[in-house]
Amino acid sequence: MIDRTGLLRLWPLLVVGGAIGVALPGGTQSDPWAVALFTALGVACEWLEIRLGPLGFLTLRPMVAFVALWRGGLSAYMVVGLISVIAAQLLARRRSFVEVIDEAGREVVALGLSSVAYSNIAGSPGVALSAVAHRLLAGAVVMLVYWGTKLALRVAQLSHAEGMRPQQAARSLLRHAWPHLIVMIAGAVGLSFIESDLGLVVTGLAAVMFIEAYYPWKLLGEQGGVLLTSLQMMAQAVDLKDPYTSNHSQRVSRYAVRLARTMGLPEEEVERIRIGALMHDIGKIGISGRIIRKPGRLSPEERVKMQQHSAVSADIIEPLEILGESARMVRHHHENWDGTGYPAGLRGEEIPLGSRIILVADAFDALVTDRPYRKGASRPEALNVIRKHAGTQFDPVVVRALERVYTSL
Amino acid sequence: MQTITGEVRLLVLAVTAVATIGIVAFSDQIRWQEWQQLVLFFCLIALASSVRIADPRGRTITPSTVLTYLAMYVFNAPTVLLLVAVGRAVGYSLDRGWVPWRSIFNGAQVGLSASAGAYVFGLVSQGAGPIPEARVYAAALIAPLLHQTLNNLFVAIGVSRWRGTPFVNTWYAGVQALFWPNLLSIPTAFVLAILYVRVHHAVTLAYLALLPFQWMALRLYVRRRELYAQIVDGLVVAADANFPLGKGHARRVAELAVAVAREMRLGEAVIESVQFAAQLHDVGMIGKDDLLDRPVLTAEEVRSLEDHVKVGAEIARELPRREIAEAILYHHERFDGTGYPGGLRGEEIPLGARIIALCEAVDSMRSGMFPFGAAMPWGAIVSLVQAEAGRAFDPGVVDAFLRAVAAGTVHARRREPSSEAFSSTATLGGIPVP
């Protein structure tokens, strides 16, 4: 049986294959060495990921592709862009075949639209422009159309898969991207002048110069990932006190981010919620595993100790920079909407929004995972339980957001 | 106050004298007529060598390397000697203060090695046409390498005489540490040189415009790494407080491990991963707190306790650097092969794990932690470590530890965590405080 998603996966393959078939003969015939050099440089650029916050990244590759465009025309542009993106995915990122084809399909769209823009506006010097102005215009148009397309596709993907509001995603991506876009326009034009005046070897060296100068941005992006991984690691250490809650914090964090994005919160707040949800149980570090694993009712003393964990979590992260911003929502993540929670008995809107989101995510995960004394509930069952307590334990707004996304959590 | 004696003084005087004689003797070959370019370059080099950015690896880098290479490509040897020697000396003392012998020696030795590079560049590329050909590329590669090797040679002679370290090792370590970053500066300098000659010498200024963009990332990166280290440290301190007498244990083990690793002259990257591994070595113990307060453990409970290395490694496996997880997994191996979990022996045990094994034992002994009942006197600890060389511990690590003891970088005083941020946490949440 061929289902629709199978067919949907097939079309990028057709597009990519067709694009290579059309572009390859023309692109490599004129000067194979130049195309090979630009492709190699493109792969090197692709290795240098420049993170745009948590939502995406860009690379310097289109800059090199532009030089190929100026020198070898549209088919050289397509060949360099496509082959280098496919090679980089396979060599450096070790993606699966489907992912590579998916990425290449998006690349074809961006390359195609920017080619059209190039040949319509900038490719034919109809207006009287100086050589420098003409090339600058071409560089700006190609880069802007290329990146505009790429970013639009990324925004569409984020809003489809993550439930983000498109304008939120676009704003966050653009805020990180614009300085790099300016550098890339200048770099593309500069490189193409170097290519036409000084030859291929110097162009290669100049591209290496750009990569070298940009290396700290790659380091910077990776460091953000390392921090999150380390936090996940510490959270997992605490979750392991009870083998049945392994990876609980990581899942709660994923659910909470999803809920927050569905509710249209700004990305900075989403990041705080991501960290807060990850760290919400870190205070259990000081509670004996015997109490945490106890299947029956807790004694009053044990209950007091257990209930202290949200305040302890907040106390642990409060003095730490970055994490400290999430301390308040962690402290109150067991407050109930009707004011019957702990530690402060806050009610309604007094409770930080992040806390209300974490509470729902936490409850949802607790309901759907297996416990020694019961099997986990199905997703619709879990949603029903939570819905029943909307307005008493849970914030009705957050529960509504859960209704929209619970099937895909 | 830094003072120098004997041979070092001789070296300083010799290098300075050679540089001065070189400038005076060949002053007729210096292209004074291009004075605008000379002034531009002098200012750039002085400025660039006065700016230091903390490098990810804990060293400092300055943009002056690229400019020195550029000078070697575009000027003749005497001009380079003058520009680089004076420019570096001025920049160096702008940044670190004017200590006559140090500033002049630094300028002179960099100037000499750079002018040697410029001389070789001229020799190899002599007669080449305006479009670069193969031997120009070869010359562009050889000249900086020669410059760096000579530069490191001068520094190594000085440092090895001053600190009494073996000369060849010091030289090699210097060359090795800077080889890749310097190699990556060559394309940049070469492209700038071509633009300098073929377009205009003001292009160098355009390069300077790119630098702030690069530094912004570098600075953010270094800052974020500090934050990261702080956060891991903070969380680990919180985790330690879980155990009787454990408060600050991970941090102390990490301090010991760094001191020992430095004594072993490991690279900064290795030291850093040893440090993280030492901080996290008992992260797998977090779930096993209830086992530690029992008087007697069953065989199964002992096995569960020993499993903390596997749990810890499993947790740390998430980190991008695999050697951290490896060091955690094997930190209870013994050098003679009788440890757990794998019964590895000798060099089969990762180096980080061998270092942590010793440091963890030392800290447990001096603070009376599990399984040692009470704090031991420092002298007894040192002789016990010595006796266990080749049995529990790697003799090489033991040697480094003893050297660190002799040098005073590790000592008996049980250092409390320097930040008291967590003391309130410890009482609030019912976390047992020793």
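The model itself is predicted. On that assignment, chain B is divided into domain 1, residues 6–201, and domain 2, residues 221–419. Taken over C-alpha atoms, the centres of domain 1 and domain 2 of chain B are 43 Å apart.

I turn now to the interface. Here 52 residues of chain B are in contact with 53 residues of chain A. The two chains bury about 4800 Å² between them, and carbon and sulfur atoms give 75% of that area. Three residues, B:Phe213, B:Ile231 and B:Leu235, supply 13% of the area that chain B buries against chain A, more than any other three residues.

What of the polar side? Across the interface of chain B and chain A, the rule finds 4 residue pairs in polar contact, with both residues at pLDDT 80 or more. The rule also finds 1 salt bridge across this interface. B:Arg223 forms a salt bridge with A:Glu321, and their closest N and O atoms are 2.7 Å apart.

Which helices of chain B each supply at least two residues of the side that touches chain A? They are H7 (167–198), H8 (203–240), H11 (289–292), H13 (308–316) and H18 (423–428). The largest share, 20 residues, comes from H8(B). By class, the side of chain B that touches chain A has 34 nonpolar, 9 polar and 9 charged residues.

Thank you for your attention.

Terms used: Residues are numbered from 1 along each chain as its sequence is written. Chains are lettered from A and ligands numbered from 1 in the order in which they are written. This is a predicted model: local features need pLDDT of at least 70, side-chain atom pairs count only at pLDDT 80 or more; totals for chains, interfaces and linings use all residues. Side-chain values use heavy atoms; hydrogens and water are left out. Contact means heavy atoms within 4.5 Å. Buried area is the accessible area (1.4 Å probe) that two parts lose on being put together, summed over both. A salt bridge is a side-chain nitrogen of Lys or Arg within 4 Å of a carboxyl oxygen of Asp or Glu. A polar contact is a pair of N or O atoms within 3.5 Å; within protein, one must be able to donate a hydrogen and the other to accept it, and residues adjacent in sequence count only if both atoms are side-chain atoms. Helices (H or I, at least four residues) and strands (E, at least two) are DSSP runs, numbered from the N terminus. Ala, Val, Leu, Ile, Met, Phe, Trp, Tyr, Cys and Pro count as nonpolar, Asp, Glu, Lys and Arg as charged, and the others, Gly among them, as polar. Domain bounds come from an automatic or database domain assignment.
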